[in-house]
Amino acid sequence: MLWSTYFSVLPLAPPLHVKMDSCNMGAILQWDAPARPHSSLTYTAKFKMLGKNTTEHIVCQSIKEHQCDFGQLPSYHGHYTCSVRTEQGGTMSKWEDLEFTIDRMTIIGPPSVTLKSKGGAIEVNIQDPVLKISSLREVYTKVSYHIRYWSKEHPEDGQNTQTMSQCRLLRPLVPNTEYCIKVQVFIHYYDIKGQDSNATCEMSSVTAAVDAEHKWSGKLVGSLLAVSVALPLLLLLLWSSFKGRRFLNPKEPLPERFKQHLCDCPAAPPPPLEKFDLVCGLCEEPRYRALTDPRGSEESPAVEDYGASQEMSGYYNIIERLVFEGPYQNTTIDI
């Protein structure tokens with residue numbers, strides 16, 4: 001009775017071996033039970049971020065498990081204090097604290113890797129591991145990959161290692177050989193090496209050794225075909241140009257029988273000028289004679305011109321002889 005009373009007044013022991021299991025920015029606090037565990041023991045876990053905001057966040061309360069998942073922490077660059085204690089009835093132990101900086105202490109998981117044989121090399125396609133907070137390229141500014149590969153048929157030859165950031169082609173490789181590859185993330189700033197991916201294997205191209213030769217031979221054949229087509233066309237163009245120039249500027253002199261047709265011909269004589277003689281006609285006032293009606297009519301008197309009719313008839317006869325009989329003379333007609 002006294003022994004049990006002695007143990008009942010002892011304070012509760014805190015949890016043992018407190019540690020943080022963090023992968024890809026996750027945060028799981030783990031611990032072991034105290035030295036004298038009891039079936040009725042429970043645990044409470046909390047965290048707070050150091051800095052201006054020191055608010056405590058109780059995540060797990062009165063649980064029987066020996067771990068607490070803190071989930072997504074407020075910041076991937078934060079510095080945290082994580083704590084856990086034991087509880088039994090109304091009795092509680094002191095807090096067991098653990099300092100934790102998530103971006104430096106987390107473990108980067110393996111990336112996803114796929115392989116493809118391409119042009120005498122093996123193309124390595126890598127997908128970044130998925131983080132619980134943000135993305136890998138946002139949390140870490142400089143990220144590269146350590147790639148280890150070896151021949152599956154001859155693993156005793158050792159492993160080759162390449163560090164790549166952008167170009168992810170493995171060469172040179174032995175043709176028709178199966179290669180296996182493992183990839184891990186490497187963080188330069190904190191010198192963090194992530195977990196290795198599972199080994200992935202791919203057969204190298206059978207024509208790996210002659211791909212470059214085939215490529216250059218194809219280019220050479222294409223160039224020869226282009227030259228064989230372009231050269232005759234160029235010669236034909238030069239020959240046509242030469243013939244056209246010789247035709248327009250012949251070296252042989254032109255025969256005399258053709259030159260006489262090309263000489264300057266005299267201009268055609270102008271048409272003869274027509275000659276005209278000046279003809280002047282003079283005419284006196286016609287002599288009229290008024291005839292009156294013997295009956296004494298008041299109507300307009302009839303006009304009879306005997307002298308004028310005879311003289312005009314003579315005038316027309318003289319004009320006809322001058323025009324149609326010629327030669328032209330200066331003639332003055334007196335009427």
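In this predicted model, the disulfides of the protein chain follow the pattern 1-2, 3-4, where the bonded cysteines are counted along the chain. The structure holds two disulfides. A disulfide is a covalent bond between the sulfur atoms of two cysteines.

One of the two links joins Cys60 to Cys68, with the sulfur atoms 2.0 Å apart. The link of Cys60 and Cys68 is right-handed, with 85° about the S-S bond.

Cys180 belongs to strand 14 (residues 178-187) and Cys201 to strand 16 (residues 200-203), so the pair ties together parts that are 21 residues apart in sequence. Are these two cysteines buried or partly exposed? Cys180 has a relative accessible area of 4%, and because a residue under 20% counts as buried, Cys180 is placed in that class. Cys201, by contrast, has a relative accessible area of 27% and is therefore partly exposed.

Further cysteines deserve attention. Cys23 counts as partly exposed, at 37% relative accessibility. Cys82 takes part in no disulfide; the nearest cysteine sulfur, which belongs to Cys68, is 9.2 Å away. Because its relative accessible area is 1%, Cys82 is buried.

How many bridges join strand 1 to strand 2? Strand 1 and strand 2 (residues 28-32) run antiparallel and are joined by four bridges. Within this pairing, Lys19 has Gln30 in strand 2 as its bridge partner.

A further open sheet is made of three strands in the order 9-10-13, and here the pairing is antiparallel. The edges are formed by strand 9 (112-118) and strand 13 (169-170), each pairing on one side only.

The pairing of strand 9 with strand 10 may be followed residue by residue. Strand 9 and strand 10 (residues 121-127) pair in the antiparallel sense over seven bridges. Leu115 stands opposite Val124 in strand 10, and Lys118 stands opposite Ala121 in strand 10. Which residue takes a positive phi in the hairpin of strand 9 and strand 10? This hairpin has two residues between the strands, and Gly119 takes a positive phi near 55°.

On the other pairing of this sheet, strand 10 and strand 13 run antiparallel and are joined by two bridges. Ile122 has Leu170 in strand 13 as its bridge partner.

Technical notes: Residues are numbered from 1 along each chain as its sequence is written. This is a predicted model: local features need pLDDT of at least 70, side-chain atom pairs count only at pLDDT 80 or more; totals for chains, interfaces and linings use all residues. Side-chain values use heavy atoms; hydrogens and water are left out. Two strands pair if DSSP finds at least two bridges between them. A disulfide is a pair of cysteine sulfur atoms within 2.5 Å. Buried means under 20% relative accessible area, exposed over 50%, partly exposed in between (1.4 Å probe, protein chains only).
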